Amino acid sequence: MGSFSFSSGNGAQVARLPLHVLGLVATRIIPRSTDLWVFGSAAGVGEGAWALWQVAAEQGERAVWLTGSARDDEMARRAGIPSARKQGFRGFWLTARARVVVVTHGAGDVNRYATAGSFLVQLWHGIPLKRLGLDSPVTARAPLPIPGLARLLRVAYERTQRRIRLLPAASHLVRGRLESAFGLGYDRIVVTGEPRVDVLSTGPSAAEARSTVESLVGSVGSSRLVLYAPTWRDGAPDPAVPTAEEWHAITASLAAQDAVLVIRSHPLGAGEYSPPDADGRVRLLGADLLPDVTPVLRAFDALITDYSSLVFDTALIPLPVVFFAPDEAQYAAERGFYGRYRDVAGEDVATSWAEVMRHLDGVLHDDSERARRLSRAEELSRRVHAYRDGRSAERVYRAIRRALASAHPSRGNE
């Protein structure tokens, strides 16, 4: 069972309504600095915020990273960057004073009560395949069956998203999805490429990435590495979690293929992916071990996923993908997709682990099948990525600077 859902998250926000009101009042009074930037990310020191931080630092910006845990504190310390806890008075004060606030998931990446009136940069954390934000019925799901509550939550969400001043898009195709999902005008969404995937063009080599993965999950020798990344299902059970019998078959197949399956559960909904006896053929690489998986994607020989945005990231490498969607019809009805799922996944979508392993065998041992799936990934990359040069963070930084230069200083809310 997932650890978080939209309904539980919305319930928490309703309970914190007085704090939101106090934050709105305070940000009308507290003057914003002319030069302070604050950064935050649900992934810790990582994602696109880290890529943009490095560019901003090179340009001499005064910036503080806001952390949410002891793990994040340690990440900031190792990176050698100034940081402060986002909770409490100091986190509130820094967010309320910052001219520029950079997040990758939402206002909770920094101090959520103090973002009003800032130049809020929402980098997001992946190209959407599944519908999100205002396009998804689950976003405003009410915690209790109170008449009108879902509508009120949707209105509150719309108002919050209107604080976003800049949101980068990977391409014009993606730009349209983000406009709809966030309810933003064309002028606030810029096609710059995604800073979060710059590392795939300029970061570690395949060998270096593999070494990092092995340092976290253990040595795999000469075996092929396969990444399995199921998506989040809003707190519902993951239908793809194998049975004991399926685990046995998966392990036997991996041994025959001389492959190791590395499972990357979604940080918000870790499934029960614990094989009874995998003989080292299945390893877990959760967010507790590696908060941001993007820098190590080159370590893998193939990707298995259902609806994760990782399929767009790995297309840049490219990696062959095996699509596994045992609940495609239900997911399409409840969450929905941008376009047709099969336009991305193709018509050979696996619906069982037995089919997954047959497809994977072809990817790893049939050169023509691997080439076919690599060609599909390259075509997908051409469709969704306008830039592949590893300089998206630089373009985002320049877009922020242009917008700041043309804007009037603000003391509080818009």
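How many bridges pair strand 8 with strand 9, and in which sense? Keep that in mind while we set up the view.

This is a predicted model, so local features need pLDDT of at least 70, side-chain atom pairs count only at pLDDT 80 or more, and totals for chains, interfaces and linings use all residues. Residues are numbered from 1 along each chain as its sequence is written, and side-chain values use heavy atoms, leaving out hydrogens and water.

Select residues 224-229 (strand 8) and 259-263 (strand 9): five bridges pair them in the parallel sense. Strands here are DSSP runs of E, at least two residues long, numbered from the N terminus, and two strands pair if DSSP finds at least two bridges between them. Now click on Leu 225; opposite it, in strand 9, stands Val 260.

Next, show the whole open sheet, whose five strands follow the order 10-9-8-11-12 with parallel pairing. At its edges you will find strand 10 (282-284) and strand 12 (321-323), each pairing on one side only. From one strand to the next, the twist averages 25° (axes are lines fitted to C-alpha atoms, and angles run from 0 to 180 degrees between N-to-C directions).

Move on to the open sheet of seven strands, ordered 3-2-1-4-5-6-7 and paired in parallel. Select 83-85 (strand 3) and 189-191 (strand 7): these edge strands have a single partner strand each, so one side of each lacks a neighbour in the sheet. The twist in this sheet averages 25° from one strand to the next.

Finally, pick residues 100-103 (strand 4) and 119-122 (strand 5), which run parallel and are joined by four bridges. Zoom in on Val 103 to see its bridge partner in strand 5, Gln 122.
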